[in-house]
Amino acid sequence: MSNEELQTKVDFSKVKAMMDKVVYTFNKPEGINNVLCIAKLPDGYTLAIGQGSCIYGPNFDSVRGMQVALENAKRMAEDACWQYQGILLREQLIAKGLIND
């Protein structure tokens, strides 16, 4: 049996490989103190939407809002990649009869 067949834990390198492909875009809706950062895979699948907001309009700094939104999107996208890889691994283990559905 190869190591691939014996894999019982999500491999960080697979999560990292997914994260390396994520594309981030920003959106600043008019009239509100909010910046959105959309994290997508190259096929267009949205992994996460991060947000950077400000309570009081005159204090709004769009650069800082973009930084916060990006940090949030990255964190949520990585969580989504871990979950996705976990689902794939679970399906493989079920298919091999190593765990019950």
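How exposed is Gly86, in terms of relative accessibility? At 26%, Gly86 counts as partly exposed. The legends below place this residue and others in context.

This is a predicted model, in which local features need pLDDT of at least 70 and side-chain atom pairs count only at pLDDT 80 or more, while totals for chains, interfaces and linings use all residues. Residues are numbered from 1 along each chain as its sequence is written, and side-chain values use heavy atoms, leaving out hydrogens and water.

**View 1. Gly86 and Gln85 sit in helix α2**. Helices are DSSP runs (H or I, at least four residues), as are strands (E, at least two), numbered from the N terminus. Gly86 is partly exposed. Buried means under 20% relative accessible area, exposed over 50%, and partly exposed in between (1.4 Å probe, protein chains only). Gln85 touches Val10, Lys14, Val15 and Met18, not counting residues up to four places away in sequence. Contact here means heavy atoms within 4.5 Å.

**View 2. Helix α2 runs over residues 62–95**. α2 has 34 residues. From first C-alpha to last, α2 reaches 48 Å, close to the 50 Å expected at 1.5 Å a residue. The expected span is 1.5 Å times one less than the number of residues. Its buried residues include Gly65, Ala69, Asn72, Cys81 and Leu93. The buried residues of α2 pack against α1, β1, β2 and β3. At the start of α2, a side-chain oxygen of Asp61 comes to within 3.0 Å of the backbone nitrogen of Val63. Just after the helix, Gly97 takes a positive phi of about 75°.

**View 3. Helix α1 has three named buried residues: Val15, Met18 and Met19**. They cover an arc of only 100° around the axis, so they lie on the same side of α1. The arc is that of the directions from the helix axis to the C-beta atoms. An α-helix has 3.6 residues a turn, so residues three or four places apart point the same way. The cover over the buried residues of α1 includes β1 and α2.

**View 4. Asp20 and Lys16 meet in a salt bridge**. Their side chains come to 3.1 Å, N to O. A salt bridge is a side-chain nitrogen of Lys or Arg within 4 Å of a carboxyl oxygen of Asp or Glu. By this rule the count is one. Asp20 is exposed, at 54% relative accessibility. Lys16 is partly exposed, at 41%.

**View 5. Strand β2 pairs with β1 and with β3**. Two strands pair if DSSP finds at least two bridges between them. β1 (residues 23–27) and β2 are antiparallel, with five bridges. Asn27 has Leu36 in β2 as its bridge partner. Seven bridges join β2 to β3 (residues 46–53), again antiparallel. Here the bridge partner of Lys40 is Thr46 in β3. Five of the seven residues of β2 (residues 34–40) are buried, so the strand is largely enclosed by the rest of the structure.

**View 6. Each of two hairpins carries a glycine with positive phi**. In the hairpin of β1 and β2, six residues lie between the strands, and Gly31 has a positive phi near 80°. The hairpin of β2 and β3 has five residues between its strands. In its turn, Gly44 has a positive phi of about 100°.

Technical notes
A polar contact is a pair of N or O atoms within 3.5 Å; within protein, one must be able to donate a hydrogen and the other to accept it, and residues adjacent in sequence count only if both atoms are side-chain atoms.
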